[in-house]
Amino acid sequence: MSRHVAETAHRLIPSPGGRIHLVEQGTGPLVLLVHGFPESWYSWRHQLPVLAAAGYRAVAIDVRGYGRSSKPAATDAYRILDLVEDNVAVVHALGEESAVVIGHDWGATIAANSALLRPEVFRAVGLLSVPYTPRGGPRPSELFARMGGDEEFYVSYFQEPGRAEAEMEPDVRGWLAGFYAALSADTMPVTGAPDPHFVGTGGTLRDRFPVGRQPAWLSDEELDVYAGEFERTGMTGALARYRNMDRDWEDLADFDGAPITQPSLFIGGGLDASTTWLADAIKAYPVTLPGLVDSHLLDDCGHWIQQERAAEVNRLLTDWLAALPA
């Protein structure tokens with residue numbers, strides 16, 4: 001039964017990298033929500049009140065480098081090991097011993113590794129949009145460099161400090177609007193159009209974004225919230241996650257191919273490149289996620305899944321949470 005839900009509360013708590021800003025709502029078992037790129041705690045605005053009403057203490061963080069959380073200067077301060085420890089610090093600072101962790105996009109990778117590396121803290125894991133892929137294969141930078149032929153994959157484009165910032169920061173709001181539209185079901189480029197995940201020779205990512213089209217899930221006021229945060233912080237802290245992928249590959253060598261055994265959930269968008277490119281990772285879940293409770297692909301849904309299809313995602317999350325062992 002739903003209950004009266006208090007208003008959201010903002011807090012800053014100490015973490016290994018400085019401080020983490022979080023927004024919490026509700027009381028009960030702790031559910032930690034971790035956003036992706038290029039977003040903030042605000043991407044969970046539709047989930048916080050619903051999870052709180054369902055009897056959970058819902059907490060959405062600004063990941064290190066984003067929003068009101070600390071933004072260390074060193075690029076290597078954003079490796080996955082550090083972000084996992086930020087999550088652990090949040091749980092303990094809130095007076096809890098354990099939590100369910102749910103992530104979207106890069107947040108899904110952070111959540112998965114939190115469950116993998118600290119199973120005594122994270123008792124279950126939910127992954128949105130980006131499937132779990134255990135550490136393995138070639139060095140990531142080498143893999144990405146081979147993608148796209150004459151074009152450059154966006155992850156490679158993000159590697160060089162300052163390069164992507166020069167595209168994004170002169171018009172943060174316009175760049176975000178285009179990026180969100182490019183990966184949303186109702187505004188993404190039509191089949192056969194140039195792929196916005198790749199950069200043409202001498203071009204930019206923005207060259208392939210839809211122009212003058214705003215997805216239905218995003219109002220002008222909501223876009224203003226996102227843009228305001230990145231206009232204040234810049235984009236470097238957010239992009240640093242991409243610039244640590246080789247370090248992560250090295251740091252996680254002892255976990256090559258390792259499964260996540262806690263109860264898990266996956267929800268992906270049927271039109272999201274993250275799920276189509278990584279279809280083999282989803283097929284491997286019986287081995288890589290042996291504790292998988294449910295896996296869902298939402299038809300006609302893009303990448304921004306908990307915003308594009310908030311009601312459906314909320315139902316799937318609360319049903320899964322209710323079925324978890326106490």
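How many residues does helix α15 have, and how far does α15 reach from its first C-alpha to its last? The helix has 14 residues and reaches 20 Å, close to the 20 Å expected at 1.5 Å a residue. Keep in mind that this is a predicted model.

**Helix α15 and Thr318**

- Helix α15 runs over residues 310-323, and Thr318 is found in it.
- Several α15 residues are buried: Ala310, Val313, Asn314, Leu316, Leu317, Thr318, Trp320 and Leu321.
- Here's a handy bit of background: an α-helix has 3.6 residues a turn, so residues three or four places apart point the same way.
- Why does Thr318 count as buried? Its relative accessibility is 16%, and the cut-off for buried is under 20%.
- If you skip residues up to four places away in sequence, Thr318 touches Val50, Leu51 and Ala54.

**Where α7 meets α8**

- Helix α7 covers residues 172-182 and helix α8 covers residues 220-233.
- The two pack at an angle of about 125°, and their axes are 9 Å apart.
- That angle makes α7 oblique to α8.
- As for handedness, α7 passes α8 in a right-handed crossing.
- On the α7 side, the residues in contact are Val172, Arg173, Leu176, Ala177 and Tyr180.
- Over on α8, they meet Asp220, Leu223, Asp224, Tyr226, Ala227, Phe230 and Glu231.
- Sorted by class, this contact of α7 with α8 has eight nonpolar residues, four charged ones and no polar ones.

Notes
Residues are numbered from 1 along each chain as its sequence is written. This is a predicted model: local features need pLDDT of at least 70, side-chain atom pairs count only at pLDDT 80 or more; totals for chains, interfaces and linings use all residues. Side-chain values use heavy atoms; hydrogens and water are left out. Axes are lines fitted to C-alpha atoms, for helices over the stretch in contact, and angles run from 0 to 180 degrees between N-to-C directions. Helices (H or I, at least four residues) and strands (E, at least two) are DSSP runs, numbered from the N terminus. Angles under 35 degrees count as roughly parallel, over 145 as roughly antiparallel, 65 to 115 as roughly perpendicular and the rest as oblique. A crossing is left-handed if the near helix is turned anticlockwise from the far one by less than a right angle, and right-handed if clockwise. Contact means heavy atoms within 4.5 Å. Ala, Val, Leu, Ile, Met, Phe, Trp, Tyr, Cys and Pro count as nonpolar, Asp, Glu, Lys and Arg as charged, and the others, Gly among them, as polar. Buried means under 20% relative accessible area, exposed over 50%, partly exposed in between (1.4 Å probe, protein chains only). The expected span of a helix is 1.5 Å times one less than its number of residues.
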